[in-house]
Amino acid sequence: MACCSTTTVTAETDSPASVTRRALTLALASGWLAGGHAWGQSSPSSRPMRAGFGLVVKFGQGQPASQIDLLPQLGVSWVRDAVNWSEMEPRAGDYQPFPPTFQARLKRYREFGIGVIFMLGYANAKAYPATPTSPRAPIAPDALGRYGAHVTRLLQRAGVPFVIQVWNEPHNYQILKMVGGVWNGKPPSPWVDHYIEMVRAVSTEVHAVSPSTTVITSEDVLVNHYWFAQHPRLPKGFKGIGLHAYTNDSSPGPEVAAPYADSDWARPFQLVDKDRAFEAAIGRLKRHTRRYTGIEPEVWITEWGFKLGSRHAGEEVTEDRVAAFLPRAYVLAEAAGVQALCWFSMHDAVDGPYGLIDRTGRKRPAFKAYAAMNRLIGGHTLSRRLSEEGHRTRGLQAYLLTQGPRKLIMAWQADNRAQSLTLDDDWAVSGVFGVDGEPVEPASSGKRRQVTVGAAPLYIELGEGGQPTWPPRTGE
C-alpha cells in the first residue's frame, strides 16, 4: 500500500516507554513448544501481547491530527509514520528538520511510549533529478543512505524508540519500473540488485550513527524476501524483515497465507506448508534467512489488513468480519514470533475502506475489537496453543494467555462457522467476553454451560484454580 504515514508501537502493562524500548531489543530464539508440538520458530517470551500491537497511521495523508489521542485506548506500541524524502532534502545535501506537524506527533508518541517505524522514501527527483547519464539518480542508494543517517539523528533527538524501513514495496513503487526485472524477483531482476544496494547503503550510514538501530526491508510479495535473504550484497548488519502479510480471496481468514505450497511463481522456493498456515510461512521465511545470513531475523509485519467489500473464501468482507479477523491476526503473529504487527490502517484516508475509522470519523467495529483486545489480553502473555497442531487453518482454534495467576482462553472458528463450545467445569469460568469486549452470557443445557463460537473470537476467563484442559469435556 502507498505509505507516507505508517505506525507501529510496542508497550507493556505498567511502563509503556520502558516496555517499548525493551521490545525493540527483543529477539525471539527457536524452540517454542506447545503441548509437545513444535510451535513456530520462536521461544516463549515474557513480553505482553501489547508489545506487538502496531498500527499504520495516516496523519500525513489526511487523517485528522486529533485522532492521535486514541492510540493509548488501543494499546498501540508501534506506529509506522514518515515524511517524504523530497520534503526533508529539497536540494542535495540540504537536510531539513522534521516538519512541525511531524515533530508534534513525535512528542505525542514519546509521551505515549510508542515507537516509530520510519519509512524512507520515495524517489527524490527534486534534489537528485534524473539525467541521460544518471537516469536512476532519484533513487540513488548512496543518497538514500545519507538521508537515512539524517533521519536517524533526528529520531534520536526526539527520544522515541525507532526502526528504519527501507522504502515501501519496491517492486510496486518506482524501483522495478525504473530499474527493470520481474515482480517476483526471479533473476535476472536488476531491481532486486538495486534495492539491496539501497538496504546496504542505509544500513551502513544508519549504523555509523546508531549501531543498535534496526533497519528493515519492505515487500508485500513473500518470495521477494527469499531473494533478498540470499543476495550476496545483503549487508552483514542485516537483521530485520519488513513483511506485508495480506491474504487473498482464497483465504478464509488470517490463518491461511496467500501462496500455495506449489505456486509456480515462487519456485524454486516453497513458501508455505500444504495447509498454507500463516505460522508455517513465517517459520519457513525465518529458516531460509538464517541459512543464508547466519542470524535469527526479526520479522516486522508493517502492513496487514482487509478491505471492506473484498471477498475471502467466497464471502464478502464486512465490517464485522474485519473485527473478527483483527485479534486472530495478532494472536497468530505473536505465536509465530513476529516483533510487531502494524494493522493497515487506522484511518481510511487515501487508501480506501481499510481503516479502523472511516472518513467521517466513525469508529468501525474493528476499532472496538482492537480496544477490547488491548483491555482483555494486552497485558497477557501468549502461553501456548490448546487446539490441535494439525488443524492450524480449519476448525476450532484456542490459545491460552496468562498474566500472573490470571488465565484466559481465546477461541474462534478458522472456518468462520458458528459452533457450540462447552465450558469445561475444570476451567472454573469466571467470565466470557465477545470480540467487542461485552460480556457474553453462556446458555445452559442440562448440567452443561455452552457458548457459541464463530469467526469472532471469544475471551474466556478462567477463575481461581481453573485448569485449561483441552479438548473441553462435552459434559454429562
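The structure is a predicted model, in which local features need pLDDT of at least 70 and side-chain atom pairs count only at pLDDT 80 or more, while totals for chains, interfaces and linings use all residues. Residues are numbered from 1 along each chain as its sequence is written, and side-chain values use heavy atoms, leaving out hydrogens and water.

**Confidence**

- The average pLDDT (the predictor's confidence in each residue, from 0 to 100) is 91 for the protein, and 90% of the residues score at least 70.
- Over residues 5-43 pLDDT stays under 50; for this stretch the model has 156 contacts (heavy atoms within 4.5 Å) beyond four places in sequence.

**Helix α8**

- Helices (H or I, at least four residues) and strands (E, at least two) are DSSP runs, numbered from the N terminus.
- In helix α8 (residues 222-229), 8 of the 8 residues are buried, so the helix is largely enclosed by the rest of the structure; buried means under 20% relative accessible area, exposed over 50%, and partly exposed in between, with a 1.4 Å probe and protein chains only.
- Among the buried residues of α8 are His-225, Tyr-226, Trp-227 and Phe-228.
- The cover over these residues includes α7 (190-209), β8 (240-244) and α9 (278-293).

**The five-stranded sheet**

- An open sheet is formed by 5 strands in the order β13-β14-β15-β20-β17, with antiparallel pairing; two strands pair if DSSP finds at least two bridges between them.
- β13 (381-385) and β17 (429-433) stand at the edges with a single partner strand each, so one side of each has no neighbour in the sheet.
- From one strand to the next, the twist averages 25°.
- β13 pairs with β14 (residues 396-403) over 4 bridges in the antiparallel sense, and Arg-384 stands opposite Leu-400 in β14.

**Helices across the sheet**

- Helix α10 (residues 319-335) lies across β13, β14, β15 (406-413) and β20 (458-462), at about 115° to β15.
- Helix α11 (residues 365-377) lies across β14, β15, β17 and β20, at about 15° to β20.
- Axes are lines fitted to C-alpha atoms, for helices over the stretch in contact, and angles run from 0 to 180 degrees between N-to-C directions.

**Nonpolar cores**

- A nonpolar core is a set of buried Ala, Val, Leu, Ile, Met, Phe, Trp, Tyr and Cys residues joined through side-chain atoms within 4.5 Å.
- The largest core has 115 residues, of which Tyr-109, Phe-118, Trp-343 and Tyr-370 touch the most other members.
- α10 gives the most to this core, with 10 residues.
- A second, separate core of 16 residues includes Leu-396, Leu-423, Val-432 and Val-451.
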